[in-house]
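Here is a note to read with the structure open beside it. The points below follow the fold piece by piece, and each can be checked in the viewer.

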Amino acid sequence: MKTTRIISTLLFYFVRIIAFLYGLTTVYVAIVTIFKTTALRILEHNRFAVCYPFTDKNFILGSAYTFHYITEMLVTLAFYSLFFFGLSNVFQTFKQTKLFTTRGVFHLKNFYTTNLLVAPIIFSCISINPTEDFPYFAMIAGHAIIGIFAFFIAAIFQQGLHLQTDQDLII
């Protein structure tokens, strides 16, 4: 169990940093595109680039400088910030010394809800009139698979919590 805690601790911090960077990128792209700051460059064929802060180097390239495309990009970036934050909470659950806790079950339920409900809704809405040629059905299927596994793990944790609570009452 010590190895599991070490690995989950490392993954917790790594994935939490990824979630933070996705969130920061979402806010940065929103500010640059909404306020049309100097970090925004309009390219030929109505494409655009968002540059790294205080530089002229491209950070993100966009296919179409339209409200629809920018909204699609921001929603996707924000969703993956939420996804990685939820995943880091799952890893946080596995790094605890007491494995079966109500907080752990809560994090697992949030994670499978995000993957089974939020992801299909977001990607279905985007796929109605997509700007990019992404495999939205494959993305929905991938998140559904992750969500189903998280659902099963949450059920195991719920049962473990119940057994642990019963055992604590007996002792």
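1. How many strands does the open sheet have, and in what order do they come? In this predicted model, the open sheet is built from three strands in the order β1-β2-β3, and the pairing is antiparallel. The edge strands are β1, covering residues 40–42, and β3, covering residues 58–62, each of which pairs on one side only. From one strand to the next, the twist averages 20°. As background, strands of a sheet pair through backbone hydrogen bonds, and they may do so in a parallel or an antiparallel way.

2. The pairing can be followed residue by residue. Strand β1 and strand β2, which spans residues 48–51, are joined in the antiparallel sense over three bridges, and within this pairing Ile42 stands opposite Phe48, while Arg41 stands opposite Ala49.

3. The hairpin of β1 and β2 has five residues between the strands, and His45 in the turn has a positive phi of about 60°. The hairpin of β2 and β3 has six residues between the strands, with Phe54 in the turn showing a positive phi of about 65°.

4. Phe54, found in the loop between β2 and β3, counts as exposed, because its relative accessibility is 87% and the cut-off for exposed is over 50%. Lys36 also has a positive phi, near 50°, although it is a residue other than glycine. Lys36 is found in the loop between α1 and β1, and with a relative accessibility of 57% it counts as exposed.

5. Is β2 covered on its faces, or left open? Both faces are covered: Phe48 and Val50 on one side, and Ala49 and Cys51 on the other, are all buried. Helix α1, residues 2–35, packs on the sheet and touches β1, β2 and β3, and its direction makes about 120° with that of β2. Helix α2, residues 67–94, packs on the sheet as well, touching β2 and β3, and its direction makes about 125° with that of β3.

6. Which residues does Thr25 touch, once residues up to four places away in sequence are not counted? Thr25 lies in helix α1, and it touches Phe59, Ile60 and Leu77. Thr25 has a relative accessible area of 14% and is therefore buried, since buried means under 20%.

7. Two packed helices are described by the angle between their axes and by the distance between those axes. For α1 and α2, the angle is about 160° and the axes are 8 Å apart. The two helices are therefore roughly antiparallel to each other, as angles over 145 degrees count as such. The crossing of α1 and α2 is left-handed, and by class their contact has 19 nonpolar, ten polar and two charged residues.

8. The packing of α2 with helix α3, residues 102–128, can be described in the same terms: the angle is about 160°, and the axes are 9 Å apart. That angle makes α2 roughly antiparallel to α3. The crossing of α2 and α3 is left-handed, and the residues of their contact divide into 14 nonpolar, nine polar and two charged.

9. Is Val105 buried or exposed? Val105, which has its place in helix α3, counts as buried because its relative accessibility is 3%. Leaving aside neighbours within four places in sequence, Val105 is in contact with Phe157, Gln158 and Leu161. For a sense of distance along the chain, the C-alpha atoms of Val105 and Cys125, which are 20 residues apart in sequence, are separated by 29 Å.

Notes: Residues are numbered from 1 along each chain as its sequence is written. This is a predicted model: local features need pLDDT of at least 70, side-chain atom pairs count only at pLDDT 80 or more; totals for chains, interfaces and linings use all residues. Side-chain values use heavy atoms; hydrogens and water are left out. Two strands pair if DSSP finds at least two bridges between them. Helices (H or I, at least four residues) and strands (E, at least two) are DSSP runs, numbered from the N terminus. Axes are lines fitted to C-alpha atoms, for helices over the stretch in contact, and angles run from 0 to 180 degrees between N-to-C directions. Contact means heavy atoms within 4.5 Å. Angles under 35 degrees count as roughly parallel, over 145 as roughly antiparallel, 65 to 115 as roughly perpendicular and the rest as oblique. A crossing is left-handed if the near helix is turned anticlockwise from the far one by less than a right angle, and right-handed if clockwise. Ala, Val, Leu, Ile, Met, Phe, Trp, Tyr, Cys and Pro count as nonpolar, Asp, Glu, Lys and Arg as charged, and the others, Gly among them, as polar. Buried means under 20% relative accessible area, exposed over 50%, partly exposed in between (1.4 Å probe, protein chains only).
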